[in-house]
Amino acid sequence: MCCGKCLQKNCIVTAPDDSTRLIGVNETYFSPDDPCVKYTCDRISDTLMTIEMVKACAPFNPDDCEPGTETTDADGCCKSCKLQDVCEVEAEEIILEVDKCRTTVPVTVTSCVGHCGSTSRYSAAANSIMHKCECCQEDTSSQRQVEMTCEDGTKIQHTYTVVESCRCTEAECVPGTTARPRRRRR
């Protein structure tokens, strides 16, 4: 005597705390321990499969945020904020090399590092995307001289620029980086 064929009606989800939960086909279950993880139950041929999906978030550092602008997306997974202008001097010790001549000891070279408030926003009046660009650039700099030794044994004086302070400076945005709006045919 034949009893028939058993058909699976639910998927089993095992949570990080080793508890189990049954979810039906096309249902979604969000992990209570991690809002970035969700499980769905999909039918593939005659088999039900539990699919785990992990949402990836953009890197987030609260120290880079303007105070009071931190938000979390609707499912509570990813955090974001309005970035504050961070533009500062960064120093690095390197051996300078120019035209087969080089310093014998490392010298301190400085640069501007950070991010500034650039935006691309639609303007109804212009019917296009308007750009506001700012770059982290040197505000003040000075010249320094260093002695370099060349391959042939001669010594030369070389002048290089040292960044002393940085700031966010308005810059020209590169044109043509945003597609023009396309009109739909009806």
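Where pLDDT is low, the predicted coordinates should not be read in detail. The structure as a whole is a predicted model. Across the protein chain the pLDDT averages 85, and 91% of the residues score at least 70. Among the elements of the chain, the highest mean pLDDT, 95, belongs to strand S10 (residues 101-102). The lowest mean among them, 80, is that of strand S12 (residues 119-123).

Now turn to a sheet. Three strands form an open sheet in the order S3-S4-S5, and their pairing is antiparallel. Strand S3 (28-30) and strand S5 (47-54) each have a single partner strand and stand at the edges, so one side of each has no neighbour in the sheet. From one strand to the next, the twist averages 25°. Strands of a sheet pair through backbone hydrogen bonds, either parallel or antiparallel. Here S3 and strand S4 (residues 37-44) run antiparallel and are joined by 3 bridges. Within this pair, Tyr29 stands opposite Tyr39 in S4.

Is Thr110 buried or exposed? Its relative accessible area is 13%, which is under the 20% cut-off, so Thr110 counts as buried. Leaving aside neighbours within four places in sequence, Thr110 is in contact with Val89, Glu90, Ala91, Val162 and Val163. With Val163 there is also a polar approach: a polar atom of the Thr110 side chain lies 2.7 Å from the backbone nitrogen of Val163.

Definitions and conventions
Residues numbered from 1 in each chain as written. Heavy atoms only, no water. Pairing = 2+ DSSP bridges. Helix = DSSP H or I, 4+ residues; strand = E, 2+ residues; numbered from the N terminus. Axes fitted to C-alpha atoms, helices over the stretch in contact; angles between N-to-C directions. pLDDT = per-residue confidence, 0-100. Buried < 20%, exposed > 50% of the residue type's maximum accessible area, 1.4 Å probe, protein only. Polar contact = N/O pair within 3.5 Å; in protein donor to acceptor, adjacent residues only side chain to side chain. Contact = heavy atoms within 4.5 Å.
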